[in-house]
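Trainee: I would like to go through this structure and ask what stands behind each label.
Mentor: Good. Bring up the structure and ask away.

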Amino acid sequence: MTSIKYDEKGLVPVIIQDARDSAVLMMAYMNAQSLSETVATGYTHFWSRSRGKFWKKGETSGHVQEVKEILIDCDSDTVLIKVIQHGPGACHTGHRSCFYRNSDGTEIAEKVFSEEDVYGKKHP
């Protein structure tokens, strides 16, 4: 794989896009280990900055992301991963995409699952 330029914390931003309809589902961070795990398993793995640990997308919800293609931008400092999103949504808030609000903060997309049912509590 092309040499990735990680930031001073060893992280690279990763955009997750639906391979079928090109919708942007989420943005997260990976380090070398989580990117390697993603390549090895064929499912997305990330580094949680808030929790300070690795996580496999869907480990709690079952809404895993099957990797179809990994692309690196021209500066080698951002990764785009095209996935098949298994389960109804990618966002922990219950929406299909994390980008469910417009610039005024108005929700422009409906929830596709109940975060309370999946995670046991409501996320902000």
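Mentor: One cut-off before we start: two strands pair if DSSP finds at least two bridges between them. Keep in mind that this is a predicted model.

Trainee: What makes β3 and β4 a pair?
Mentor: Four bridges join β3 (residues 45-48) to β4 (residues 53-56). The cut-off is at least two bridges, so the two strands pair. They run antiparallel. Ser48, for one, has Lys53 as its bridge partner in β4. Four residues lie between the strands of this hairpin, where Gly52 takes a positive phi near 65°.

Trainee: How do you know that β1 pairs with β2, and in which sense?
Mentor: Six bridges join them, and the two strands run antiparallel. At least two bridges are needed, so the label holds. Ile15 is bridged to Met27 in β2. The two strands form a hairpin with five residues between them, and Ser22 in the turn has a positive phi of about 70°.

Trainee: What joins β1 to β6?
Mentor: Five bridges, in the parallel sense, between residues 12-18 of β1 and residues 79-85 of β6. Ile16 has Ile81 as its bridge partner in β6.

Trainee: Why are β2 and β5 said to stand at the edges of the sheet?
Mentor: Take the strand order first. The sheet is open, has four strands and reads β2-β1-β6-β5, with mixed pairing. β2 (24-30) and β5 (65-72) each have a single partner strand, so one side of each is left without a neighbour in the sheet. From one strand to the next, the twist averages 25°.

Trainee: How do you know that β2 is largely enclosed?
Mentor: Buried means under 20% relative accessible area. Five of the seven residues of β2 are buried, so the rest of the structure largely encloses this strand.

Trainee: Which residues touch the most other members of the largest nonpolar core?
Mentor: Val14, Ile16, Met26, Met30, Phe46 and Ile81, out of 16 residues in that core. β1, β2 and β6 each supply at least two residues. The largest share, four residues, comes from β2.

Trainee: What is Ile16 in contact with, leaving aside its neighbours within four places in sequence?
Mentor: Its contacts include Ala23, Val24, Leu25, Met26, Thr44, Phe46, Ile81 and Val83.

Trainee: Why are the buried residues of α1 said to line one face?
Mentor: In α1 (residues 32-41), Ser34, Leu35 and Thr38 are buried. Seen down the helix axis, the buried residues fall within an arc of 100°, so they line one face. An α-helix has 3.6 residues a turn, so residues three or four places apart point the same way. The exposed residues Gln33 and Ala40 are on the face turned away from the buried side. Cover for the buried residues of α1 includes β2, β3, β4, β5 and β6.

Trainee: Why is Ser61 called buried?
Mentor: The relative accessible area of Ser61 is 17%, and buried means under 20%. Ser61 therefore qualifies as buried. Its place is in the loop between β4 and β5. A polar atom of the Ser61 side chain lies 3.0 Å from the backbone nitrogen of His63. Leaving aside neighbours within four places in sequence, Ser61 is in contact with Val118 and Tyr119.

Note on methods: Residues are numbered from 1 along each chain as its sequence is written. This is a predicted model: local features need pLDDT of at least 70, side-chain atom pairs count only at pLDDT 80 or more; totals for chains, interfaces and linings use all residues. Side-chain values use heavy atoms; hydrogens and water are left out. Axes are lines fitted to C-alpha atoms, for helices over the stretch in contact, and angles run from 0 to 180 degrees between N-to-C directions. A nonpolar core is a set of buried Ala, Val, Leu, Ile, Met, Phe, Trp, Tyr and Cys residues joined through side-chain atoms within 4.5 Å. Buried means under 20% relative accessible area, exposed over 50%, partly exposed in between (1.4 Å probe, protein chains only). Contact means heavy atoms within 4.5 Å. The arc is that of the directions from the helix axis to the C-beta atoms. A polar contact is a pair of N or O atoms within 3.5 Å; within protein, one must be able to donate a hydrogen and the other to accept it, and residues adjacent in sequence count only if both atoms are side-chain atoms.
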